[in-house]
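Here is a guided walk through a structure, written for someone who would like to follow along on the screen. Please load the view and keep it open as you read.

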Amino acid sequence: MLELTPKPAIDTPDQTIGTVTIALTDGVALASVAARKGQLAACEKVLSARLGAVPPVGRAVDGTGETCFWTGPEQWMVSAPEDGQHVLADQWKDALGDAASVTEQSGGWVVFDVRGAGMPAMCELLCSVPVRRMETGDVQRTMIHQTGCFVICREAGRHIRILGPRASAQSLHHALITAATAVA
Amino acid sequence: MSQKNRIEGGQINRDVSLNFTFDGRRYSGHAGDTLASALLANGVRLMGRSFKYHRPRGPMTAGSEEPNALVQLRSGALQEPNTRATTAELFDGLSATSQNRLGTLSFDLLAVNDRLSNFLTAGFYYKTFMWPKAFWEKLYEPVIRRAAGLGSLSLEDDPDVYDKGFLHCDLLVIGAGPAGLMAALTAARSGADVILADEDFAMGGRLNSETLSVGDVSGVDWAAGTVAELAAMPNVRLMPRTTVIGAFDHGIYGAVERVGDHLAVPQAGKPRQILWRIYTKKTVLAAGAIERPIAFANNDRPGVMTASALRSYANRFGVAVDRRAVIFTNNDDGYRSAEDLHAKGIRVTVVDPRPDVSVLRDYEVLAGAQVVDTMGRLGLTFVKVRLADGSERTIECGALGVSGGWNPNVHLTCHQRGRPRWDDGLAAFVPSDLPTGMHVAGAAAGDLSTAGALAGGQRAAQDALALDGAMPPLPEAEDAPVNITPFWYVKGDGRAWLDQQNDVTVKDVRLSHQEGFRAVEHLKRYTTLGMATDQGKTANMGGLAIMAELAGKAIPEVGTTIFRPPYTPVAIGAFAGRHRGAEFHPKRLTPSHAWAEEQGAVFVEAGNWMRAQYFPRAGEENWLETVNREVLATRNSVGVCDVTTLGKVDVQGADAADFLNMIYCNGFAKLAVGKVRYGLMLREDGIALDDGTAARLAEDHFVVTTTTANALPVYRHMEFVRQCLVPDMDVQLISTTEAWAQYAVAGPNARRVLEKIVDQDISNEAFPFMACGNVTICGGLRARLFRISFSGELAYEIAVPTAYGDALMRRIMEAGAEFEITPYGTEALGVMRIEKGHATGNELNGTTTAANLGMGRMVSTKKDSIGAVLSRREGLNTEDDLRAVGVKPLDPAQRVPAGAHLMAAEGPVDAARDQGYLTSACYSPNLGHHIALAFLKDGANRMGETMRVVSPLTDEVVDVEICSPHFIDPEGERLRA
């Protein structure tokens, strides 16, 4: 039996400020996928088979229990609820074989879910993504409080998911709270 | 004091009275007032002192172009200097004070400067304060700084908060006058996302200050109705109190929204101002025009202002600056001011230098006349007029409105170095060379009539968005032509002011011409014309016109100076936003941070990382005592250190080994799976870039580590090489620095500690020095183990997914308790690596080669790698090249200072005799004396030589011996144990 227990990036309860609720979402498994040279078609075939579609530029695709979004040319990030086995990267590597390089990324990121009517106004104080124009499933890489983040639109106008560098979770959370307070 | 100058009408809300103070005196105004309009309503015209001569000044305008009425708002830490009273929105409890005075505003002792004006002309400082040289810093500059200037800073931290934000739209409309409103309406009705920004708190622009009609309603009502219609549309964002300050590249505009400046008490957590970055596909600039004055003697007394300002105060704010007014105009728009004032019951006389104008008006018109002088100590009391027949007449009045014509607001069209075009019909510059995507409408484009503005706004939106089809008919509005005879200044002897904020006169421009500073940019710098906080919005044209006349050129031949952002001054706090104090930059916390805090660690910033520097214990008197304990404990038993901050790059692909062979100067192609190798990266020029390790986890999978400081630059370098230099290689890179918590466990008992944690055999046979591999720990958690050592001890680095980092550190401490395991910080880490002679940032300092570092042989000649060829340059391979050496003091009690230089044991000390320099120094608790690493000319052949270490900065000279840089375990037996 495993003697060690994981710890969330920061220990903070969900907070509602005005109409915005900021929640740390712990236990998200992440793995990056990058197509090998000349293997794009083979890689996309696996992505399509597992997810139902290949995420196009700036978009996320929801598969069964897994979400995948585009992160760069011929690169994607897969996410799924962490079940404690830490096998997401291995599963994808098994499926992709030599078609892609897969890297475990679960520990690299902190995930915040921001929901509520005031979310767009708050987001406008945080980063340059055109949040009011984002449709559900849109994804953009951006800077929030000088840290490189992904912003995923989970529900247009109401819910974004922010993936930020885990080591800066405290600073990032502070920035979110500050922005939510400013627009509350 | 009663509002004795308040008259009927205007858009103020008389049901809401607001109390405020100016220089400690209590006044009242109404909602909708500015500070200037409220003071004028109370009969206060004197609001400030001028920059240089401390002359009494009052508002010259009713807008953001104001040069004179600058005041300090609020008090204490909230004090803000140089705020224009003409734009400061009145609120209950507002506290304002005048600035730049010694004594009271009405009795300013520094007004003595005005008496010395004959000496204080343009260029005065440059000519006068040159001798004696030493006096400048101690005498002249302090005195000048005290005597000249505007407001002062509180020198306290600004308690207000500011935000920065980002907006996106299809069309940004700048200015909400008739042109801007019509442009926004046209665009919004087409479905486009529109942002309409206006610097005023009331949208409507000049319509708020006029009595004219638009369609069958007043201009004010039409503006209010249009704003209401726009406000109801979901695709429109109305941004009053928002100044667009700059037009930048790629359709990006800067804008400052004054969110809380009109509130008495800032709301907790809410920004006072927001600096917006607006991304827009197209822009309509409808920024209007600014009325310009005419220069004449003593044209700066409080009560002298632009004619349109008098009109604004009367029509919009219900204020008569005085019941008797004179209008001095060279164009027909001046008569609109006269008519509006006359209709308000103010007695008006118009002075018009044009001889052929009609005098058949309801008020007095003096055709062919000029205002030649004014009187009044602290405010205007009389104007002296030279009539057409040459005789002079004095008119008693407290308000003089001057109209020299209108200058379109071209500023934002020029922020990308566009030059405006001269328009003879307007006698003004109009926009010409526009930033990409910008369209200009209304008065800003030179269409000064209301009908022209409405049509121009509609047309600009149509053009910007390529809207097809017929547009709705425009409402009828006045369409008066521009009738102007250029007239810039009245000839005479008295001082005629051009730039009232910087105290520049017509005479100063003459002097500039006379002394050869004739180019427009020279004129600006010699006289300081247009260099004040208002950027000469009311001054520049006059200066250009006079220079043109003196030079015998046309005005467009003289040209204009460059308009630069910001359009109006911006608080520095707005640029900083939330990035101040502890939030200046984000922090990166290591996985063991919470645990380290529990241990009482002292942290040090390493970039954004907060690393444990040392772990003091009770009874230890200073940091050195702590560090010595940590070093000895590690060398004698076992220590643990969080090394998560070292950069980690995951390198995969069929060509991963070849890629690393390219990146590192030493060979990697044959590195076996399950092994780690030290690697040195060179820049293209052969200088060392960074060092670290690469661990081969599979044939096609490596993990590269970098120094903490170079994690990002190295990753960037590797991506550059991958994408640009070797695009055909099959290699993929991704940073995993934060994905893994990594701890160094070092010391003779390191293996015993880890054997209790790692599930696999890690004996020396099974897991020898420089081994690596995937393991499991604590009953099955995936981990990575590397047998590498920075300290020189038997050491491992163990990595787990970051979420388990805290638990692993606690588990290591538990497992190591029987060996008295000691956590150590960056200080002890530094001591141990100096003892071992390992290089780090101090040695990889951007000037050193592999040969300097003593690693010249590592640069493989059997392969190509970045920097290898240029590292063989003759200049980098001379006989007396610097070599890494060790340094120890002859007297063990003496310290050796890092940064000091090496000199021969005897003889003079100077730069020409420099032999090398110390890069790293510390006290070695193992050796009992100080040690240092250094670069010394031909150092490898000078072992045992006695030299001097000289530090002119700390005034130290120490006799030292040159030795091997490997002070501890030079054979490497410990780390292979």
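This is a predicted model: local features need pLDDT of at least 70, side-chain atom pairs count only at pLDDT 80 or more; totals for chains, interfaces and linings use all residues.

Now step back to the whole of chain A. Its domain 1 is made of two pieces, 15-26 and 108-183, while domain 2 covers 28-107. The centres of these two domains of chain A, taken over C-alpha atoms, are separated by 23 Å. Where they meet, domain 1 of chain A brings 10 residues to the contact and domain 2 of chain A brings nine. On the domain 1 side, β8 (109-115) and β9 (139-144) of chain A each supply at least two residues. By class, that side of domain 1 of chain A holds four nonpolar, four polar and two charged residues.

Leaving aside residues up to four places away in sequence, Val28(A) touches Ser79(A), Pro81(A), Glu82(A) and Val111(A). Between Val28(A) and Asp138(A) there are 19 Å from C-alpha to C-alpha, and the two are 110 residues apart in sequence.

Next, follow chain A to its partner. The contact between the chains takes 38 residues from chain A and 39 residues from chain B. On the chain A side, β3 (28-35), β7 (100-104) and α4 (169-183) each supply at least two residues. Which of the elements gives the most to this side of chain A? That is α4(A), with six residues. The chain A side as a whole divides into 12 nonpolar, 18 polar and eight charged residues.

Chain B has 977 residues, of which 54% count as buried. It contains 21 helices and 50 strands, and its C-alpha atoms fill a box of roughly 115 × 70 × 55 Å along the principal axes. Among contacts in chain B between residues at least 6 apart in sequence, 65% join residues at least 24 apart. Chain B is divided into five domains, including domain 3 (293-404) and domain 5 (646-737). The centres of domain 3 and domain 5 of chain B lie 78 Å apart, taken over C-alpha atoms.

To finish, turn to a sheet in chain B. Five strands form this open sheet, in the order β36-β37-β38-β35-β39 of chain B, with antiparallel pairing. At the edges stand β36 (676-682) and β39 (732-735) of chain B; each has a single partner strand, so one side of each is left without a neighbour in the sheet. From one strand to the next, the twist averages 25 degrees. Seven bridges join β36(B) to the antiparallel strand β37(B), residues 688-698, and Arg677(B) has Ala694(B) in β37(B) as its bridge partner. Helix α17 (656-663) of chain B packs on the sheet, touching β35, β36, β37 and β38 of chain B, and its direction makes about 130 degrees with that of β35(B). Helix α18 (711-725) of chain B also packs on the sheet, touching β35, β36, β37 and β39 of chain B, with its direction at about 165 degrees to that of β39(B).

Terms used. Residues are numbered from 1 along each chain as its sequence is written. Chains are lettered from A and ligands numbered from 1 in the order in which they are written. Two strands pair if DSSP finds at least two bridges between them. Helices (H or I, at least four residues) and strands (E, at least two) are DSSP runs, numbered from the N terminus. Axes are lines fitted to C-alpha atoms, for helices over the stretch in contact, and angles run from 0 to 180 degrees between N-to-C directions. Two residues are in contact if their C-beta atoms, placed from the backbone, lie within 7 Å. Ala, Val, Leu, Ile, Met, Phe, Trp, Tyr, Cys and Pro count as nonpolar, Asp, Glu, Lys and Arg as charged, and the others, Gly among them, as polar. A residue is buried if 20 or more other C-beta atoms lie within 10 Å of its own, exposed if 12 or fewer, and partly exposed in between; C-beta atoms are placed from the backbone. Domain bounds come from an automatic or database domain assignment.
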